Amino acid sequence: MQGTTRVLLPFIFLLSSIASAQDTPIQDSIKNKQLEEVVITGQIEPQSLKKSVYNVRVISKKDIQRLAANNLGDVLNQYLNITVKPSGSDGRSTVSMFGLDGQYFKILVDNIPLISDTGLGNNVDLTQVNLDDVEQIEIIEGSMGVTHGSNAVSGILNIITKKSAKNKWEISATVQEETIGDEYSWFDKGRHIQALKVSHSINENWFASIGANRNDFTGYLDDMQGKNYMENDGLRGYSWLPKEQIVSNALIGYSKKDFRLFYKFDYFNEIVNYYNPVVVPQSNGPFEPVYFSNDKNFVTNRFYHHLNSYGHLFSKLTYNVSLSYQKQVRDEERFKYYIESEEEQDKTSTTYLSKEVIYSTGNVTNFFTNKKYDLQVGYEIVNENGTASPTSGTFRDEEQQAANGIQARLENYDFFASAELNFTDRFSVRPGFRYSFQSKFEDQQAVSLGLRYLMDRGFEARGSVGRSYRTPNFDEMYTYFVDSNHNIQGNSDLIPEQSMSYEASLKKTTMFTSGMQLLNSILVSHLDVDDRIGLVLASTDPIWAYKYMNIDSYRNWNFSAINQMSYKNLEAKIGASIVGVSQKLTTGVSGATSDDNYLYSLQLNTSVAYTIPKWNTTFSAYYKYNGRFQQYIEAADANGDAYFFLSETEGYSMLDASVRKTFFKNKFDVTLGARNLLDIKNIQTTQAGGTGPHGGSSSDILLAYGRSYFLKLTYNLNFN
């Protein structure tokens, strides 16, 4: 740990030292500072970053454009404390923060949690979140249970979409071509994206927009041979499954004075193609046999409706109310694919996962005429209905369950209050409380306290403490997947997990006489999770049987430093983070427990962007290092007894770069670049300390598909 700390120290004020040697700081950085970004997430009202009690990180539209990002996974790869976990086997990518998976991190669109297969806002597939319509992305780390309810334990991410235009008409058309590793052709290989967006300011009050996006990922072969390969040697199919996504959206908004109203609709369709490596010969009379394979398509349809109203009550109070209806359905299509004729026959379709949610949240603010004090009172209502069909396993108990699957409804009705007390222009305190009435579990509470103090010479100090909770998801409660090789059981008696989060940070902003701006920040946080839900070994006879139980505990420390510099046409950022994770895992058979000592991992990231105004060109590079990651894994020794061994995943680096140039007064935009320039594909996981059938070995994890190149062309037509 001490050695790693020594690595971090030179980064903390590196940019400050460089700048100070060349320039003179302005004493009153507040008066001379450039206008800050306005943030929305977690605030009582939209305000600048400086005034926010929370530490908010902003991913700007410029960063999204420079990365030529089409979905959320394209962006988050480069950000500190966030790890994107891709899977070539099902095409999904989920997020991990501080070693906790996507169940503890909440993803929202315009403050509405996005539906997923297993939750609301949690475990969202990042590749299914399109970024065409995004103004900026805001990230807050740590407990946000008071403002955003259940499962906002490690943090939240809020996607702010575009709801206005500077011109009467704005039309944008995009074509993007991208290699998948070294594989590319016009139609059958690579990634092919087309997008169209039309926005119209109807008059001074009404605004409307409509858009569509198609993303055709044709799959990554690597050593596989594709869908028309007829040898039965296990090489048919793809290393990364092909998938096609269609996204369409529409928005209509009205605003007049202090009243705003908008309705937003999104439709998402995805088809993932699975090509079975087993090739089957079928008799064809006196002729040569014909060859087929039992293939599948996984089809996802998601509908998103959001109605929002903002205005004043009694000429004084300010209200903000949202109502949302979302539905996501996953179907499995099974068919015989005849390879020579390329025909699909005997196709059947079954819905195996369905989630339907009615959600509403709202708040009232501006209770006091004295702006030194403000109070926010709000509510959240969630009515969630989920279904899993027998295609995912054999369900027990009633015959109706066996025929139709399991259906369950989860509801909660929450009320929360948060005050912001500005005792002076420099010192603010924000206490908060939430009470949640639960239909399935005991009622839950969340509390928080945030502090902010602005000091001389541009220093900003913040601190927070928060108590939050995570409710069990549908899979953890109702899964019952049993066959000759598997036994995984849910547990309807699970209780919510409880967590405490602590955070302290120091930030310094410095302006120099030359116009250079420097921002340095240091943050320390601690997270403590009790009653953590884990998949526990419940039996070893006749096969290993697992059951979800409230049996584990989790702790982490996070030390991070971020330094940003902007000077004329240059922007640079460098950051470092150390996360220490302690977990106590228990097996239900022998009672064996893992060590709970802290295991540390290091992350580094940096980005540089340089603009040449006379060329209308920006050069950008983004680098991130993810250090080795260790965790305890359950296995069996030579006698078949369960124990825990230490598994280690090696570190790796990701480097993206691009050149973006505009032509014809910003009407035509060209971005040329590369992802994963270091050509990462597989990383090794070693398993130490085991002599049994599952220990003492190593394997490769398919992390990425190697270096890829992209070309993005956008035409913007704006007129009044």
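Leaving out its neighbours within four places in sequence, L76 of this predicted model is in contact with I59, I82, V84, L126, I139, L157 and K624. In soluble globular proteins, nonpolar side chains tend to be buried together.

The protein chain has eight helices and 38 strands, and buried residues make up 53% of its 720 residues. Among the contacts with a separation of 6 or more, 64% are between residues 24 or more positions apart. The accessible surface of the protein chain comes to about 32,300 Å², and carbon and sulfur atoms account for 55% of that area.

Q128 is found in the loop between strand 7 (112-113) and strand 8 (134-141), and because its relative accessible area is 3%, Q128 is buried. When neighbours within four places in sequence are set aside, the residues in contact with Q128 are Q245, F268, E270, T300, R302, Q328 and R330. The second residue, N412, belongs to strand 20 (residues 406-422), and its relative accessibility of 13% is under the 20% limit, so N412 counts as buried. The side chain of N412 is joined to that of D414 by a polar contact of 3.1 Å. With neighbours within four places in sequence again left aside, N412 is in contact with E380, I381 and V382, and also with S436, F437 and Q438.

Because W240 lies in the loop between strand 12 (206-217) and strand 13 (243-256), while Y705 lies in the loop between strand 37 (698-702) and strand 38 (708-719), the pair ties together parts that are 465 residues apart in sequence. Both partners count as buried, W240 at 8% relative accessibility and Y705 at 15%. A pair with another geometry is that of F292 and Y338, which is tilted because the ring centres are 5.6 Å apart and the planes stand at 45°. F292 is in strand 16 (residues 287-313) and Y338 is in strand 17 (residues 317-338), so this pair ties together parts that are 46 residues apart in sequence. F292 is buried, as is Y338. Returning to W240 and Y705, one finds that they belong with F217 and Y220 to one aromatic cluster.

Aromatic rings also meet charged side chains. The ring of F292, already described as the partner of Y338, has the charged end of K336 sitting over it, 4.9 Å from the ring centre. Elsewhere, K508 lies over the face of F459, with a distance of 4.8 Å from the ring centre.

Terms used:
Residues numbered from 1 in each chain as written. Predicted model: local features only at pLDDT ≥ 70, side-chain atom pairs only at ≥ 80, totals over all residues. Heavy atoms only, no water. Contact = heavy atoms within 4.5 Å. Helix = DSSP H or I, 4+ residues; strand = E, 2+ residues; numbered from the N terminus. Buried < 20%, exposed > 50% of the residue type's maximum accessible area, 1.4 Å probe, protein only. Phe/Tyr/Trp six-rings, centres within 6.5 Å; stacked < 30°, edge-to-face > 60°. Lys NZ or Arg CZ within 6 Å of the ring centre and 35° of its normal. Areas by Shrake-Rupley, 256 points an atom, 1.4 Å probe, with all protein chains shown as cover. Polar contact = N/O pair within 3.5 Å; in protein donor to acceptor, adjacent residues only side chain to side chain.
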